[in-house]
Amino acid sequence: MYGWNDVGFHGSIQIPTPNIDALAYNGVILNRHYVQPTCTPSRAALLTGKYPIRYGAPAFACLTGAHALFTMKGAYALMRGDDLVKPARVAGGLIKGLCVTKKSSLSPATETLAVPSIVSGGIRNSQQITCLQGLPIIAGVPLALPSTEKILPQYLKDLGYSTHLVGKWHLGANKKNHTPLKRGFDSHFGYWNGFISYRNSTHSTGSMTGKDARRGLKRAGDEMVDQYATDIFTNEANKVIKSCKNQGSPMFLMVSHLAVHTGVPGPNILEVQNKTLNDIKFNYIENKERRLFAGKKK
């Protein structure tokens, strides 16, 4: 099984992970943490201490001048004005029978799985977007971990800790109140969305591309030019530790590396620091993608 077995302290002999192993052997190994294998629900579960299903209800949204179809765990629901139209049966892509419910009677929006376009005679051009129970939040989608959920840094601040985040957030950023500094962190350097390029902080998905580098609420793209993301975030974490060394109060630092996540889609989606040296180091690994994966684990 990849992932679990790809670290030394779980017995991996193919990919050396000495730094991760040292952290494990000198710290606490969290091995009873059950979540979905995707970004947003995993980190939400870690920070809330709850299963993702506990803070997610089906989401419904209106698309101006258009119908929108949402799929939720295999069921279909059609938005029409202020009504939710749920098909009684779906067969061969055709909606067979409808029941109507007022949208105002539904729970607040926290989950959306897909928004296909509706065409005569069936369903076409399905476009996945997001949810908090399964799929990660996609850039530009107005979803976030509910602000009613008190999360780990907020609890620790109540106990006198300074709180810091380096790297990935990915719990929503469509409003300032959803970003790290408004959710209990004293400082954040990293990115708000699901991934960036390892070398220039570019985030690209669907119809949008841009720089996603942040220091607090300010843009910080210049700090991630022509440097490797793993090194940038490691250096930043060291700076935070040194700055808090003599502060007289406990510190909580959460380091969410980009590695080993993929970078920007394209030919270099698995970006290592030096591909030639990486191929030499891991020449015993036959699969070229796995060699790149190994090289991202420092």
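Strands β7 (residues 162-168) and β8 (residues 187-191) run parallel and are joined by five bridges. Strands here, at least two residues of E, and helices, at least four residues of H or I, are DSSP runs numbered from the N terminus; two strands count as paired if DSSP finds at least two bridges between them. This is a predicted model, where local features need pLDDT of at least 70 and side-chain atom pairs count only at pLDDT 80 or more, while totals for chains, interfaces and linings use all residues. Residues are numbered from 1 along each chain as its sequence is written, and side-chain values use heavy atoms, with hydrogens and water left out.

Contact means heavy atoms within 4.5 Å.

Now zoom in on Ser162, in β7. Ser162 is buried, at 10% relative accessible area; the scale is buried under 20%, exposed over 50% and partly exposed in between, with a 1.4 Å probe and protein chains only. Leaving out residues up to four places away in sequence, Ser162 touches Asp186, Cys244, Gln247, Pro250, Met251 and Phe252.

Elsewhere, β9 and β10 make a hairpin with two residues between them, and Gly206 in the turn has a positive phi of about 60°. Thr202 stands opposite Lys211 in β10. Here are the two strand pairs side by side:

| Strands | Direction | Bridges |
|---|---|---|
| β7 (residues 162-168), β8 (residues 187-191) | parallel | five |
| β9 (residues 202-205), β10 (residues 208-211) | antiparallel | four |

Over in helix α6 (residues 288-295), Arg290, Arg291, Leu292, Ala294 and Gly295 are buried. Their cover includes α5 (275-281). Where α6 starts, a side-chain oxygen of Asn287 comes to within 3.0 Å of the backbone nitrogen of Glu289.

Finally, Ala22 is in helix α1 (residues 18-25). With 36% relative accessibility, Ala22 counts as partly exposed. Ala22 and Phe9 lie 13 residues apart in sequence, with 8.7 Å from C-alpha to C-alpha.

Note on methods: Polar contact = N/O pair within 3.5 Å; in protein donor to acceptor, adjacent residues only side chain to side chain.
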